[in-house]
Amino acid sequence: IRIGLRHLLKEAGDFEIVAEAETGHDGISDFVEYKPDVVLMDIIMNGISGLEATKRILTKDPKARIIILTMLGDTVSQAMKTGARGFLTKRNAASELVKAIHAVMGGRIYIGTDVAQKYAVERVAGHSSPYEQLSRREHEVFLHLVQGHSITEIAETLHLSPKTVRCHKSRIMKKLGTHNMIELAHMAFASDYIHIDDS
C-alpha cells in the first residue's frame, strides 16, 4: 500500500514524502520529528490502531491535518470523531488522494465520494453504523479481537490488564449483539474489518 501511495504522490509532482511508518507508535514519533503538513493514516496497524494514533497526534498538535485511509467504509464517523480532517477508502485512493490532500491543506474536510453520500444519509436519517456505539477504547480492542489477537496480546499491546480487556470484549459483544467470536468475526468480515487479499 505504501509503495503505491508513494508512487501516486510522486506522479502528482507537488508533494514531498518526509517519512513512512509501519506502526501507530512509529507514526506518532515521526510526526513529532518531521512535523509533516499532512499525515495519511491507516486504521488497522500493528500495535495501536490508526484512530488511537490520530488522537495522540492531535493531542500533541491540535492543528495536525490527518487523512484516514482504510478499507473500512463503516468507520467514517469514528474517524471524524478523532479529529481527522479527511477520510478515504483505499479503493478510491488512486482517484481521490491528491484532491483530498489539497482540500485538507486548504482547511476543508474531505470525505471520499464512495462513502460521503452514505455518511450524509445516516446523519440526516439519524441512523448510524453499529460500531459508533463503541467507545474509542472498545473500538481499539475490537480491531485487535477481529484480527485474531489473544486477550493477553491485546493487554500487552494496549497496556491494559487482561481483566480490563475481557470487560471491554464483553461490552463490545453486547453492544454489537453478538454472542461469540464467530459471530463477531462474521460481522467484521461483512463490514470489511477483516480483509482477505486475493491478489
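This is a predicted model: local features need pLDDT of at least 70, side-chain atom pairs count only at pLDDT 80 or more; totals for chains, interfaces and linings use all residues.
Close-up 1. Look across to P162: 10 residues apart along the chain, the C-alpha atoms of T152 and P162 are separated by 5.9 Å.

A quick word on the ground rules: residues are numbered from 1 along each chain as its sequence is written. Local features need pLDDT of at least 70, side-chain atom pairs count only at pLDDT 80 or more, totals for chains, interfaces and linings use all residues, and side-chain values use heavy atoms, with hydrogens and water left out.

**Close-up 2. The open sheet runs β1-β2-β3-β4.** Its four strands pair in parallel (two strands pair if DSSP finds at least two bridges between them). β1 and β4 (110–111) sit at the edges with a single partner strand each, so one side of each has no neighbour in the sheet. Zoom in on β3 (residues 86–89) and β4, and you'll find two bridges in the parallel sense. G86 has Y110 of β4 as its bridge partner.

**Close-up 3. Helix α3 lies across β1 and β2.** Relative to β2, α3 runs at about 175° (axes are lines fitted to C-alpha atoms, for helices over the stretch in contact, and angles run from 0 to 180 degrees between N-to-C directions). The buried residues of α3 (50–60) are G50, L51, E52, A53, T54, I57 and L58. Their cover includes α2 (24–34), β1 (39–41), β2 (66–70), α4 (76–82) and α7 (136–146).

Close-up 4. Leaving aside residues up to four places away in sequence, S49 touches I43, E140 and L143 (contact means heavy atoms within 4.5 Å).

**Close-up 5. M41 sits in the largest nonpolar core.** Such a core is a set of buried Ala, Val, Leu, Ile, Met, Phe, Trp, Tyr and Cys residues joined through side-chain atoms within 4.5 Å. Of the 36 residues here, M41, I68, F142 and I172 touch the most other members. α7 supplies the largest share, five residues. A second, separate core of 13 residues includes L5, V38, A103 and Y110.

Note on methods
Buried means under 20% relative accessible area, exposed over 50%, partly exposed in between (1.4 Å probe, protein chains only).
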